[in-house]
Amino acid sequence: MKNLLIAGVGGQGSLLASRILGAVYLSVGMDVKVSEVHGMSQRGGSVITYVRAGDKVASPLIPEGETELLIALEQLEALRWMSHVRPGGAVVMSTQIILPMPVITGQTAYPENIADAVCGCGLQTYVVQAHDIAVGLSDTRVSNVVLLGAASRLVGFAPEVWDDALRVAVKPRFLEINRQAFALGRAALEAEG
């Protein structure tokens with residue numbers, strides 16, 4: 001059973017990333033279930049998607065502590081969900097910071113040194129400057145696909161399988177920019193070793 005969790009903030013494209021992952025697993029003949037949990041996503045709240053794949057998937061929800069790979073589109077979301085990753089699991093996290101409402105209103109402070117905390121938790125952690133890469137492509141909306149490209153190194157499958165999944169999940173007019181974002185994310189994780 002493959003258990004992947006995508007954590008982000010409303011508007012970051014967590015749902016598109018889960019559709020692409022689902023299309024990858026379907027294309028190789030696996031049973032797939034995807035589930036979404038929205039927490040005030042219209043107001044910048046958390047959006048969590050579970051992607052489970054295997055011979056037969058009975059439930060779309062991942063039990064706590066059984067996530068193999070956490071893909072975090074925002075730093076605080078990585079910190080919030082890293083406890084769901086099983087020992088020996090991995091985290092691919094973006095360096096992007098999106099201030100939640102309590103921080104914006106001054107009720108609390110955004111935690112410092114999140115990347116250090118996640119990297120020091122004993123999990124394989126890969127920190128990707130996904131937002132900066134997307135800025136370089138002049139389209140910040142593709143930072144989710146940059147991160148997915150990085151995560152593809154850990155998920156596996158040939159690049160052609162991922163490209164087919166992009167074509168299934170992304171509207172044709174956005175396909176080329178998403179292909180570029182995916183390739184740059186994949187290269188970013190390769191560069192990290």
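Mentor: Start with Lys-33. Its partner is Asp-31, and the closest N and O atoms of this salt bridge are 3.9 Å apart. The term requires a side-chain nitrogen of Lys or Arg within 4 Å of a carboxyl oxygen of Asp or Glu. Lys-33 is partly exposed, at 26% relative accessibility. The accessibility classes are buried (under 20% relative accessible area), exposed (over 50%) and partly exposed (in between), with a 1.4 Å probe and protein chains only.

A word on the basis. The model is predicted, so local features need pLDDT of at least 70 and side-chain atom pairs count only at pLDDT 80 or more, while totals for chains, interfaces and linings use all residues. Residues are numbered from 1 along each chain as its sequence is written, and side-chain values use heavy atoms, with hydrogens and water left out.

Over the whole structure, the search finds seven salt bridges. One of them joins Asp-139 to Arg-141, with the closest N and O atoms 3.0 Å apart. Asp-139 is buried, at 12% relative accessible area. Arg-141 is exposed, at 58%.

Next, helix H7. Arg-167 and Asp-163 meet there through their side chains, at 3.8 Å from N to O. The two residues are four apart in H7 (residues 159-169), so about one helical turn separates them. Helices are DSSP runs of H or I, at least four residues long, and strands are runs of E, at least two long, numbered from the N terminus. Both partners are partly exposed: Arg-167 at 44%, Asp-163 at 22%. The pair belongs to a network of salt bridges that links Asp-163, Asp-164, Arg-167, Glu-176 and Arg-179.

Now the nonpolar packing. The largest nonpolar core has 41 residues, and Ile-20 and Leu-21 have the most contacts inside it. A core is a set of buried Ala, Val, Leu, Ile, Met, Phe, Trp, Tyr and Cys residues joined through side-chain atoms within 4.5 Å. Leaving out residues up to four places away in sequence, Ile-20 touches Val-145, Leu-148, Trp-162, Ala-165, Leu-166, Ala-169 and Val-170. Contact here means heavy atoms within 4.5 Å. Another core lies apart from the largest one; it has 19 residues, among them Ala-7, Ile-62, Leu-76 and Tyr-110.

Ile-20 also takes part in a helix pair. Helix H1 (residues 14-27) packs on helix H6 (residues 143-155) at about 35 degrees, with the axes 10 Å apart. Axes are lines fitted to C-alpha atoms, for helices over the stretch in contact, and angles run from 0 to 180 degrees between N-to-C directions. H1 contributes Leu-16, Ala-17, Ile-20, Leu-21 and Tyr-25; H6 contributes Asn-144, Val-145, Leu-148 and Val-155.

Last, the backbone. Most residues other than glycine have a negative phi. Asn-113 has a positive phi, near 55 degrees. Asn-113 sits in the loop between helix H3 (101-104) and H4, and is exposed at 54%. Phe-157 has a positive phi too, about 80 degrees, although it is not a glycine. Phe-157 lies in the loop between H6 and H7. At 31%, Phe-157 is partly exposed.
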